[in-house]
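Dear colleague,

Please find below the structure that I am handing over to you. My notes on what was found in it follow directly after it.

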Amino acid sequence: MQEYAENAVRKHMSENVQPAFFNENKKNPKAPFASNLTTDEYNARVKASIKQCERYQTMGGKSMSWDEVMEVFNKPVPTTLFSWNGAIDTVISPLDSIKWMKSFLQCGMMSMEAKTGHVKAFVGGIDYEFFQYDHIMQQKRQVGSTFKPFLYTLAMQEGISPCKQFANVPTSFYINDQMWTPSNSDKARNGEMVSLAWGLATSNNWISAKLMQLLKPEPVVALAHEMGLYSHIDPVPSICLGVADLTLHEMVGAYSTFPNKGIHTDPIFVTKIEDKYGNVLATFSPVQNEAISEEVAYQMVGLLQNVVNMVDREAKAYGTAISLRTRYGIKVPLAGKTGTTNDHADGWFMGFTPELVTGIWVGGDERSIRFRSFAHGQGARMAMPVFAYYITDCIEHKKELGYTFGDFEKPANWVSPCYGNSPAPKRSDVNSNDFDDFL
């Protein structure tokens with residue numbers, strides 16, 4: 001599974017993400033930084049990058065004038081650079097080598113068993129030889145819409161039906177005498193009444209803002225911590241859009257609560273330690289807690305399956321992860337959530353089956369290194385294909401891995417919050433009727 005994960009990261013980053021990023025920056029004089037930075041902002045980023053590098057530290061840059069520093073960093077020297085086609089031995093200035101290395105978008109990926117917490121795959125970056133930074137446990141980045149399920153979980157816990165209708169119109173907050181109104185990335189069903197289920201499937205910001213207005217930030221933060229998020233989260237309205245900086249490690253652990261019937265499981269890397277004679281010195285078990293009820297967890301599984309399955313042909317709206325079905329042809333039961341942050345700085349995908357929970361983050365070393373458009377910079381493009389490649393390999397080898405990739409298990413005496421004991425009406429979906437719309 002570790003091999004499948006590494007191959008998935010390598011394939012998507014080298015064949016799709018990086019070529020698109022290079023192509024987008026062909027005419028950008030400030031590459032790899034965003035073209036809309038001011039000259040002062042660009043110069044500040046370059047200066048900070050120089051001060052962070054090892055060469056500046058070892059040559060005593062702090063005791064030199066900036067002109068002297070730049071003289072050194074503009075002089076070509078023999079250097080080995082990273083490329084997806086293998087290391088490049090060349091002669092280049094240290095400044096240009098910094099820009100080259102920073103031009104590569106990074107990726108972190110972790111996959112764990114929902115019930116046991118056992119981490120089965122861990123890819124901290126695109127290449128450890130050149131980029132020795134862990135994007136899973138060390139790095140904290142804004143999580144975008146992958147935070148929305150925690151907000152929706154509180155709504156389900158408070159007894160709000162996923163089929164409850166809300167007006168799809170802007171919602172405003174007054175913060176310190178200033179008004180903040182979230183925007184939406186598309187105009188599907190603007191001004192119409194839509195369900196909570198539809199709102200999460202399409203990652204609609206207005207519906208999330210309405211929920212936040214009803215539920216308030218503090219209870220959302222409290223529940224998110226109960227479900228396994230351990231970083232500090234400011235209880236502000238904008239968390240409904242995922243402004244919190246969190247690790248991929250804690251996000252994967254928190255998402256385990258959904259397929260594990262409301263039981264949160266901490267990711268675990270080591271189960272026992274033995275000496276050279278095979279004597280067991282220590283054993284370790286995953287830390288678990290009942291964060292939400294089994295019924296609420298199953299409701300959320302249904303809502304997050306919509307992200308993968310939902311097709312609203314009338315509104316030309318789809319679940320944001322629909323391409324897992326249409327493009328990648330994955331047919332096993334899946335659920336998940338895409339996430340994209342401000343200015344497309346971070347792309348996320350959190351995906352799970354009943355057995356495995358997997359998280360992927362993609363972005364630049366700095367937030368100013370990013371795609372300029374939503375077309376390439378959204379989580380469904382930046383991160384989700386890594387999951388598609390990885391889970392496809394896992395499904396293909398499910399017998400050897402010991403997984404079934406079967407249906408999510410319903411709680412005993414399950415009653416639909418929308419239809420009671422009556423069968424839900426069926427609508428056509430991708431792949432004929434293989435995947436019924438939750439609505």
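A residue is called buried when its relative accessible area is under 20%. F352 has a relative accessible area of 0%, and it is therefore buried. Please keep in mind throughout that this is a predicted model.

**Aromatic pairs**

The structure contains 21 aromatic pairs. In one of them, the ring centres of F150 and Y255 are 5.9 Å apart and the planes stand at 80°, so this pair is edge-to-face. The two partners come from distant parts of the chain, 105 residues apart: F150 belongs to helix α6 (residues 148–157) and Y255 to helix α10 (residues 248–255). Both F150 and Y255 are buried.

F352 also takes part in such a pair, with F408: the ring centres lie 5.8 Å apart and the planes are at 85°, so this arrangement is edge-to-face. Here too distant parts of the chain are linked, with F352 in strand β18 (residues 346–352) and F408 in the segment after α16 (398–401), 56 residues apart. F408 has a relative accessibility of 10% and so counts as buried.

**Helices**

Helix α1 covers residues 2–24, which is 23 residues. From its first C-alpha to its last it reaches 31 Å, close to the 33 Å expected at 1.5 Å a residue. A kink of about 40° occurs in α1, centred on M13. M13 is itself among the buried residues of α1, which also include Y4, A8, H12, V17, F21 and E24.

Helix α11 (residues 294–309) has 16 residues and spans 22 Å between its first and last C-alpha, close to the 22 Å expected at 1.5 Å a residue. Of these 16 residues, 13 are buried, so α11 is largely enclosed by the rest of the structure.

Helix α9 (residues 217–226) contains V220. With a relative accessibility of 0%, V220 counts as buried. Its C-alpha atom is separated by 21 Å from that of P170, a residue 50 positions away along the chain.

**Pocket and cavity**

Rolling a probe the size of a water molecule over the atoms shows where empty space is left. In this model, the largest pocket holds about 1100 Å³ of space. It is lined by 50 residues, and those closest to its centre are S185, T340, F374, Q378 and G379. The elements that contribute two or more residues to this lining are α1, β16 (317–318), β17 (335–340), α13 (374–377), α14 (379–382) and α15 (384–396). By class, the lining of the largest pocket consists of 19 nonpolar, 25 polar and 6 charged residues.

How many cavities of 30 Å³ or more does the structure have? The count comes to 1. About 40 Å³ of space lies in the largest cavity, whose lining is made up of N184, S185, D186, W198, T202, S203 and N204. These divide into 1 nonpolar, 5 polar and 1 charged residues.

With kind regards

Note on methods
Residues numbered from 1 in each chain as written. Predicted model: local features only at pLDDT ≥ 70, side-chain atom pairs only at ≥ 80, totals over all residues. Heavy atoms only, no water. Helix = DSSP H or I, 4+ residues; strand = E, 2+ residues; numbered from the N terminus. Expected span 1.5 Å × (residues − 1). Bend = angle between axes of the 7 residues up to and from the residue. Buried < 20%, exposed > 50% of the residue type's maximum accessible area, 1.4 Å probe, protein only. 1 Å grid on protein atoms, 1.4 Å probe; cavity = no way out; pocket = protein on both sides within 12 Å on 5 of 7 lines; lining within 4 Å. Points joined across faces, edges and corners; volume = space filled by probe spheres on them. Nonpolar A, V, L, I, M, F, W, Y, C, P; charged D, E, K, R; others polar. Phe/Tyr/Trp six-rings, centres within 6.5 Å; stacked < 30°, edge-to-face > 60°.
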